[in-house]
Amino acid sequence: MIDAQAALAGLRVLDLSALLPGPFATRWLADHGAQVIKVEPPGTGDFTRVLGPYAGGQATTFLALNRGKRCIAVDLKHPEGLAAVRRLAERADVVVESFRPGVAARLGLDFEVLRASRPGLVWCAISGYGQDGPYRDRPGHDLCYQAYAGSLAANRDEPGARPVVPGVQAADYAGALYAVAGILAALWARQRTGRGQFVDVALSDAAFAMMALPVAAHGALAGEEFARPLNGGFPGYRVYACADGRPLAVAALEPRFARRLCTLLGREDLLASLLPADAAAREAAIARFEALFRTRTRDEWLALLEDAGCCVAPVKELGEALADPQCLARGLLVDVGASRQVGVVPRLSETPGLPGAPAGTLGRDTDAVLGELGYDAAEIASLREAGAVA
């Protein structure tokens, strides 16, 4: 049930995207009241439908990305299927797609053509490398985008070490949020101009955007390598193993946190070594702190440091994080049907979002949506028989 008071109530979104970035963006819109219709190919559907584990008979990956949407199965390569989707696009406020650049136009879903009958249409195209540039037609995944942007190279503890593959698809999620930001900016501009626009979201651009601070430092140093304090290279901002082998995150970056940490450790003499400028001094200081943190268990360190104002935290496994009192107090977990999922972020005081109904089975809403477009039962049956819809 869509909340008529939700922030995006009345906004009509056609979701032609698949995998993670597009569906995550449109799920956010759905959480805030947008009416989202998700289009999938008959037979296979979105690839995330087979990415288990499963809850209630459906893949949890698909469930997490597609709650609150109506699901229809349409073959965009069939002329009659394409005609139905064009009719949906002509009624939409926003279209989100994740085709390779140029594919939408070749299918017959050209933004410039559609905007002639729908001048206010906002079209958001999410692709790996954007609609232009030398990499425009390359395939890619999150790991590729982070690799090109330099962010993957930052995921190493020691200079020259092999980068660690990130456990979270940061470029994909950043791209999804930039898509939301671009869509909302375009809708706000439409309020003044009455015109929609094309929103070009490149996941590689999103990966570069997350490198704002390193890029600025790199420019100031004329290309020289900069010892970044936020990648574990500084003693005061690093993960340390404790006596029981459990890791502790120490983020005593600002002087007041560093001073408090050293005072509680009883090692005020180490204060100057938390942010040393010299590489050799950094390595020596890290070795001293590693030895120090191995003298107690993680819980013993937490009892001393966690609530004492010096920026430390336990490195929790996911199960521990889900049971954390802060997570529970903020309502970050919700049950959507048979699936436990992350709730709505951020909170809005007047128009709070609400997780929608569980994601539907493939083609669950095809007949209902086609009926709303004006197709009668016989026409829908004919489309199904022809393989245009399922």
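Select helix α6 (residues 142-149) and helix α7 (residues 170-193) in this predicted model. The two helices pack with their axes 7 Å apart, at an angle of about 90°. Angles of 65 to 115 degrees count as roughly perpendicular, and α6 and α7 are therefore roughly perpendicular to each other. To see where they touch, show the side chains of Asp142, Tyr145 and Gln146 on α6, then Ala170, Ala171 and Asp172 on α7. Sorted by class, this contact of α6 with α7 holds three nonpolar residues, one polar residue and two charged residues.

Next, go to Leu19, in the loop between β1 (12-16) and α1 (21-31). Its phi is positive, about 65°, although Leu19 is not a glycine. Most residues other than glycine have a negative phi.

From Tyr54, turn to Pro53, which is in the loop between β2 (35-40) and β3. What kind of peptide bond joins Gly52 and Pro53? The bond is cis, and its omega is about 10°. Most peptide bonds are trans.

The last stop is Pro346, found in the loop between β13 (339-342) and α15 (366-372). Select Val345 along with Pro346 and look at the bond that links them. This peptide bond is also cis, with omega at about 0°.

Technical notes. Residues are numbered from 1 along each chain as its sequence is written. This is a predicted model: local features need pLDDT of at least 70, side-chain atom pairs count only at pLDDT 80 or more; totals for chains, interfaces and linings use all residues. Side-chain values use heavy atoms; hydrogens and water are left out. Axes are lines fitted to C-alpha atoms, for helices over the stretch in contact, and angles run from 0 to 180 degrees between N-to-C directions. Helices (H or I, at least four residues) and strands (E, at least two) are DSSP runs, numbered from the N terminus. Angles under 35 degrees count as roughly parallel, over 145 as roughly antiparallel, 65 to 115 as roughly perpendicular and the rest as oblique. Contact means heavy atoms within 4.5 Å. Ala, Val, Leu, Ile, Met, Phe, Trp, Tyr, Cys and Pro count as nonpolar, Asp, Glu, Lys and Arg as charged, and the others, Gly among them, as polar.
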